[in-house]
Amino acid sequence: KNVEKLRTAEQSDNMTACRLVLTEMEKHEDGWPFLKPVNFKQFPTYKKYIKNPMDFTTMKNKLRDSLYKTRGEFASDTRLVFNNCMIFNEDESDVGKAGHTMRKYFEQRWKDLLLSS
Ligand SMILES: Cn1cc(C(=O)NCCN)ccc1=O
């Protein structure tokens, strides 16, 4: 029983760290392109190129609904956000530059929080 409890404690620590890094990314000056799902009306070709859209609000809802079973699943969605960004945006565009900055920020914070997916 006790082993069961310990795993749960570790698991909740992992999710707390995920919530922390997500909050920081939402507050980051360069997080603006990723706060909400890309608007398909504003960018009609987005759905054609990006098969698995992801954004910070969707991730926040998944955390709330306990849809991440491991920290690695959370890290995978975060990397999906930035990989999608690189597919759809030129590196030197404002959104493209923001994506590179946010990816760098995330990977460093992920290390800082002693998390590796
Ligand atoms: C992630 N991403 C965001 C945008 C965007 O313009 N977001 C701001 C909404 N106010 C455009 C392309 C893209 O890949």
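This is a predicted model: local features need pLDDT of at least 70, side-chain atom pairs count only at pLDDT 80 or more; totals for chains, interfaces and linings use all residues.
How many helices and how many strands are there in the protein? There are five helices and zero strands. Reading from the N terminus, the order of elements is α-α-α-α-α. Along the principal axes, the C-alpha atoms fill a box of roughly 50 × 25 × 20 Å.

Now to the ligand. The space it takes is the largest pocket. Which residues surround the ligand? They are Trp32, Pro33, Phe34, Val38, Phe43, Tyr46, Phe88, Asn89 and Val95. Taken alone, the ligand exposes 370 Å², and the protein buries 72% of that. Sorted by class, the shell has eight nonpolar residues, one polar residue and no charged ones.

Next, the aromatic rings. The structure holds ten aromatic pairs. I will take one of them, Phe43 with Phe88. Why is this pair edge-to-face? The ring centres of Phe43 and Phe88 are 6.1 Å apart and the planes stand at 85°; planes over 60 degrees apart count as edge-to-face, so the pair falls in that class.

Where in the chain do the two partners sit? Phe43 is in the loop between helix 1 (2-27) and helix 2 (46-49), while Phe88 belongs to helix 4, residues 71-88. The two are 45 residues apart, and the pair links distant parts of the chain. Both Phe43 and Phe88 are also among the residues that surround the ligand.

Conventions: Residues are numbered from 1 along each chain as its sequence is written. Side-chain values use heavy atoms; hydrogens and water are left out. A residue is near a molecule or strand if one of its heavy atoms lies within 4 Å of it. Accessible areas come from the Shrake-Rupley method with a 1.4 Å probe; for residues, only the protein chains shown count as cover. On a 1 Å grid over the protein atoms alone, a cavity is a set of points where a 1.4 Å probe fits but cannot get out, and a pocket is an open set with protein on both sides within 12 Å along at least five of seven lines; lining residues have an atom within 4 Å of a point. A molecule sits in a cavity or pocket if more than half of its atoms lie within 2 Å of its grid points. Ala, Val, Leu, Ile, Met, Phe, Trp, Tyr, Cys and Pro count as nonpolar, Asp, Glu, Lys and Arg as charged, and the others, Gly among them, as polar. Rings of Phe, Tyr and Trp (its six-membered ring) pair if their centres lie within 6.5 Å; planes under 30 degrees apart count as stacked, over 60 as edge-to-face and the rest as tilted. Helices (H or I, at least four residues) and strands (E, at least two) are DSSP runs, numbered from the N terminus.
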